[in-house]
Amino acid sequence: MSFDTLGLGPELLSAVASQGYTTPTPIQTRAIPVILEGHDILAGAQTGTGKTAAFVLPIVQMLSEEPPARKKRQPRALVLVPTRELAAQVGKAMQDYGRRLSLRATVIYGGININAQIIRLNRGVDIVVATPGRLLDHANRKNLDLSRVKTLVLDEADRMLDMGFIDDILEVAAFLPEERQTLLFSATYPDSIKRLAGELLNYPRRIETARPNIAAEGVTQMAYRVGRLRKRELLSDLIKKENWQQVMVFTRTRYGADKLTSQLIADDISAAAIHSSKSQSVRTRTLTDFRRGLVRILVATDVAARGLDISGLLRVVNYDLPDIPENYVHRIGRTGRAGEKGVAISLVSDKEQGWLIEIERLLDHKIPFKRLAGFQPRNDSDPDIIAAKRKLKDKDAKKQKKAPEKAPVKSSEKTRQTRKGEKPPNVEKARTSGKKQKTGKPEKAGRVQKTGKSEKPGRPEKAGRVQKTGKAPKAGRPQKARKSPKKR
Ligand code: AMP
């Protein structure tokens, strides 16, 4: 299969060739012709599959075929993405391809001054790539007119829902014309995505390039069992002994990311952290340094790392396992992109075993364990060790059966001990085991919710809330599909 057969014009074919792409990826082969025909799509595309070009190319082509605006240009394509980094990446692709066809694209996201964005919008744009919250701000202030949008893209839609953007997405959709094309890309298909698709898509074509919810094929996965307090030692050891270069390491919390970064630096390993408490300029600089090889280890949280495309990244380490199994798929999708090979290593403490089981259930396969002498946790739940311990226990039990029984303590004596204030031993034990861990809280999505309600990332039910609560639909919210598929 070559790009020539997909219906793209000569300018875009030469743009694709100048990127060095010779063959379209499966999602590009399947999606580009369907989008050019004007259909809505519901695409199960994992990160790293070439999905950006799969929607950027046909959108640019379709917009270039329309007559140019006589008055000020207003957006005709809108791409919603979960993070600033992804907005910058998709925006760059739109600008690079669009420029060849005299189209103007701009990127809008929060966390930076709004005025420069207003100036750019006032100049007139054809394509807007944005995070939902900031875009909604602009729409409410009438800084842009979304009534001419012909194509809406929801990129990494599952991430957007995890980050609590459902209400913003629906509010933005209320500004759009009902008669439009909608393209939804999602790596996973929780029920919340199905409900969102039901709300916004019109007879979508399903495009599935790989089984949903499974990790990229070229990624070799493995895990080490290790005590929580020895993870950092194990990581430093692996980096040094195996001479790892360019590794992305995931922690669950911002605090954890900063702490690990300082520890690695103390171990003479160059490292930097990105998370949502870092300013946008620091995040951009850190990423550039990592891409250039000036930083060896990039320590990141899930929220900050979503959608990042770092070409040639060989290793991803799950320093902490994610408590949301889908995040595991996203994390390890940073490596093995566009058919390359990659390795994903998870450091699993005893307390994280439950999460590992959830992840394996999602993947539908086991992640093989590797052993490293000296790093097995004390309470190792390795099946061999469990079996050995059970044998020992059985032996002890048999021995005890043979030994003469101790004289039972009289119940009156028990009562006397308790009255004197001597706690029965199990009370103290229960208190100790109930002690709280001093781990940081998992990172929340960077935005403050308008409602004041705390929105934990990773609650796919959020999307469902809209339907379940029976809230009155917002003015102009797109109605469920009633029409037949449209053709362009
Ligand atoms: P994406 O899934 O859109 O983030 O793309 C992942 C990576 O694949 C990016 O680095 C793209 O530049 C690259 N890519 C996209 N399409 C192709 C293609 N047809 N051939 C080779 N690489 C590609």
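Predicted model: local features only at pLDDT ≥ 70, side-chain atom pairs only at ≥ 80, totals over all residues.

**Entry 1: the sheet with β1 to β7**

In what order do the seven strands of the open sheet that includes β3 and β7 stand? I read the order as β3-β4-β2-β5-β6-β1-β7, with parallel pairing. For my notes, strands (E, at least two residues) and helices (H or I, at least four residues) are DSSP runs, numbered from the N terminus. Two strands pair if DSSP finds at least two bridges between them.

Residues are numbered from 1 along each chain as its sequence is written.

The twist averages 15 degrees from one strand to the next; axes are lines fitted to C-alpha atoms, for helices over the stretch in contact, and angles run from 0 to 180 degrees between N-to-C directions.

I then followed strand β2 (residues 77–80). Which way do its side chains point? Ala-77 and Val-79 point one way, Leu-78 and Leu-80 the other way, and I found all of them buried. Buried here asks for 20 or more other C-beta atoms within 10 Å of the residue's own, exposed for 12 or fewer, and partly exposed is in between, with C-beta atoms placed from the backbone. I reminded myself that side chains in a regular strand alternate between the two faces of the sheet.

On one side, β2 pairs with β4 (residues 127–130) in the parallel sense over four bridges, and Leu-80 is opposite Ala-130. β2 also pairs with β5 (residues 151–154), again parallel and over four bridges; there I noted Val-153 as the bridge partner of Val-79. From β5 I moved on to β6 (residues 181–186), which pairs with β5 in the parallel sense over four bridges. Leu-152 faces Thr-182 of β6 in that pairing.

Helix α6 (residues 132–140) lies across β2, β3 and β4, and runs at about 105 degrees to β3. In the loop between α6 and β5 I found Lys-142. Lys-142 has a positive phi of about 60 degrees although it is not a glycine. With 7 other C-beta atoms within 10 Å, Lys-142 is exposed.

How many of the nine residues of helix α8 (residues 166–174) are buried? I count seven, so the helix goes down as mostly covered. Among them are Ile-166, Asp-167, Asp-168 and Ile-169.

Val-316 stands opposite Ala-344 of β13.

Gln-246 has a positive phi of about 50 degrees, although it is not a glycine. It counts as partly exposed, with 17 C-beta neighbours inside 10 Å.

**Entry 2: a helix pair**

At what angle do α14 (residues 325–332) and α15 (residues 353–363) pack? I noted about 70 degrees, with the axes 8 Å apart. The two helices are therefore roughly perpendicular to each other, a label for angles of 65 to 115 degrees (under 35 is roughly parallel, over 145 roughly antiparallel, and the rest oblique).

**Entry 3: the whole chain**

Last, I noted the totals. The chain has 19 helices and 14 strands, and buried residues make up 44% of its 488 residues.

Notes:
Contact = placed C-beta atoms within 7 Å.
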